[in-house]
Amino acid sequence: MLGLLKGMGVTLKNMTKKKVTYKYPDEPVKMPERFRGIQHFDPEKCIVCNQCARVCPTDCITLTGRKHPDPNKRGKIIDTYDINFEICILCDLCTEVCPTEAIVMTRNFELAAYSRDELFKDMEWLHDNNTKIRGGSQ
Ligand code: SF4
Ligand code: SF4
């Protein structure tokens, strides 16, 4: 009987406490400031140095670029930039080596999809990936 009363006491005490669980996925979860989530890519900043693709341990970045069409300007411009999130391990190495911060990690982690093909993200998707985050932008 004493045990039952003790147990009821613990239950009643915890019923009045603030909840520690989230209603995810119905309600978005805002991740901590330094969370390493899916990358955001800014084509304007990319100098097509290829360092991100070279350092990637899983070879999931593919990119193409070309010489700047304006003869008065030096350097290259990016044409395509894709990441295959089937094999990306979100290790952060690509963002660490990028000299211009064209690629940065965000707090977005939602990648669930019904098809593997949907995990192949192109430049446009990666560029938008700092504004369409549930629970607030990066
Ligand atoms: S986070 Fe790591 S695995 Fe993913 S694209 Fe960057 S370097 Fe490659
Ligand atoms: S490291 Fe940065 S600047 Fe170089 S190709 Fe990758 S994203 Fe572009």
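Let me start with a definition: a residue is buried under 20% relative accessible area, exposed over 50%, and partly exposed in between, using a 1.4 Å probe and protein chains only. Now the ground rules. This is a predicted model, where local features need pLDDT of at least 70, side-chain atom pairs count only at pLDDT 80 or more, and totals for chains, interfaces and linings use all residues. Residues are numbered from 1 along each chain as its sequence is written, chains are lettered from A and ligands numbered from 1 in the order written, and side-chain values use heavy atoms, with hydrogens and water left out.

On to the rings. Rings of Phe, Tyr and Trp (its six-membered ring) pair if their centres lie within 6.5 Å; planes under 30 degrees apart are stacked, over 60 edge-to-face, the rest tilted. How many aromatic pairs does the structure hold? Four.

Take Tyr 24 and Phe 109. Their pair is tilted, 5.9 Å centre to centre, with 35° between the planes. Tyr 24 sits in the loop between α1 (2-15) and β1 (39-41), Phe 109 in the loop between β4 (103-105) and β5 (120-121), so the pair ties together parts 85 residues apart in sequence. Helices (H or I, at least four residues) and strands (E, at least two) are DSSP runs, numbered from the N terminus. Tyr 24 is partly exposed, at 37%. Phe 109 is partly exposed too, at 31%.

Next, Phe 85 and Trp 125. This pair is also tilted: 6.3 Å centre to centre, 55° between the planes. Buried or partly exposed: what is Phe 85? Phe 85 is buried, with a relative accessible area of 8%. Trp 125 is partly exposed, at 28%.

Last, a cluster. Tyr 24, Phe 35 and Phe 109 form one aromatic cluster.
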